[in-house]
Amino acid sequence: MTRPNTEGLPQKVLEAITQVVGHTSAALHEPSFGVNEVRYLTECISSTYVSYIGDYVKKFEKELQEFTGAQHIIPTTNGTSALHLALICGGVRANDEVLTPSLTFIATANAVTYCNAYPHLIDTDLNSLGVDIEKLHDYLREFTKQESGLCVNKKTGRVIRAIIPVHLFGHIAEMNDLLELARDYKIAVIEDAAEALGSFHKGKHAGTIGLLGALSFNGNKIITTGGGGALMTNDNKLAILARHLSTTAKLPHKWEFHHNLVGFNYRMPNLNAAVGCAQLEELPKKISQKRTLFKKYREAFALVNGVEVFQEPENSMSNYWLQTLILDESQRKWKDAILELTNLNLINTRPAWEPLHLQAPYADSESMNLENANSLKGRIINMPSSPKLADE
Ligand SMILES: *Cc1c(COP(=O)(O)O)cnc(C)c1O
């Protein structure tokens, strides 16, 4: 009997992961805390400044600015609110369309919907997991027209106002071509950098390459503030607007309440920022642990045929937020068996999100053909990625 050399692939994947994580149980991604989280929280509570006015918010803002090189950081309640605010400041209005990858977490598209705008779904590049730029170029050329300096969808007549590249699993794909294409077509670039704190592309931090960007500090991200996020931009005017809108658009006055716009209550509370300040102290270590973990996975899988541990794209330095296994097209039949066997053995793996065009709220969205997203959805498996696993 002849057997393909990938027979028993699930068992080989389980063995390779176990070899890396060193024991027989591992979560997909666990937060970790040192001693300063409790210290800063205690100080914060003693100060009574627990909401968005306080020293920890300012400190967190300043330290994030220094680490990322962003001119402006506006800490927010979560990554989704940062993205919502970024879209508004980037000019997205009711009835606009925003180019959004179908292969992303649903929050990317939800932020567009909160603007009463429409996500227009685009495809993912098979090699970089970023926007398929060549495909997008052809698509824009055929299906849009320029009208008084705006990009208009010929079919719907709506303005395509912005594009949201998502730095999937922490990886930044080629950005210069994307920026150039967006400039040519008069489309604003707003980065969903929720997963990419600590990732750089040609020396620029994720979220500072386009007009605006959004970070997340949810419990499963590389550092956490419980819930939290940040808007990033190098544009002074947009930063002033974002700050203003994030705090109910209140005009400064010692006691009077005057608001000149419909704003939001999106500022990060001081309590969360206190945790964030402690977490930031550990960020460089976590990045280096995650990069080490990648090397270990890469080694462990070197002799396993039919799968590849995803490596950071060229010109990028990735935080490797989630370690990612990609099955060859010919091996997609093993995906469910791999997920089943690993999870049965308390190794927490999971598939990529269901693409947005297959999710109820976005099934009727405008879209290009999404064959790459469809192909990848059956081939991506995220593996245990907690920084501490590098030390096993
Ligand atoms: C986590 C995440 C978000 C949302 O961040 P929250 O802080 O959970 O609101 C948005 N986009 C992507 C790609 C994410 O991974």
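Tutor: One term to start with: a contact means heavy atoms within 4.5 Å. This is a predicted model, where local features need pLDDT of at least 70, side-chain atom pairs count only at pLDDT 80 or more, and totals for chains, interfaces and linings use all residues. Residues are numbered from 1 along each chain as its sequence is written, and side-chain values use heavy atoms, with hydrogens and water left out.

Student: Thanks! What covers the buried residues of α5?
Tutor: The cover includes α4 (79–89), β2 (97–101), β3 (118–122) and β7 (188–192). Helices (H or I, at least four residues) and strands (E, at least two) are DSSP runs, numbered from the N terminus.

Student: And how many residues of α5 are buried?
Tutor: In helix α5 (residues 107–114), 6 of the 8 residues are buried. Buried means under 20% relative accessible area, exposed is over 50%, and partly exposed lies in between, using a 1.4 Å probe and protein chains only. The buried ones are Ala107, Thr108, Ala109, Asn110, Ala111 and Val112.

Student: What comes just after α5?
Tutor: Asn116 does, with a positive phi of about 60 degrees.

Student: Let's zoom out. How many helices and strands does the chain have?
Tutor: The chain has 12 helices and 16 strands. Its radius of gyration is 22 Å, close to the 21 Å from the globule rule for 392 residues, so the chain is as compact as a globular protein of that length. That radius is taken over C-alpha atoms, and the rule is 2.2 Å times the number of residues to the power 0.38.

Student: How much of the chain is buried?
Tutor: Of the 392 residues, 56% count as buried.

Student: How many bridges join β12 to β14?
Tutor: There are 3 bridges between β12 and β14 (residues 323–327), and Val307 stands opposite Leu327 in β14.

Student: What about the sheet of 3 strands, what's its order?
Tutor: The order is β9-β8-β13, again an open sheet with antiparallel pairing. β9 (204–205) and β13 (316–317) each have a single partner strand, so one side of each is left without a neighbour in the sheet.

Student: Which residue stands opposite Ser316?
Tutor: His201 faces Ser316 in β13, and 2 bridges join β8 (residues 200–201) to β13.

Notes. Pairing = 2+ DSSP bridges.
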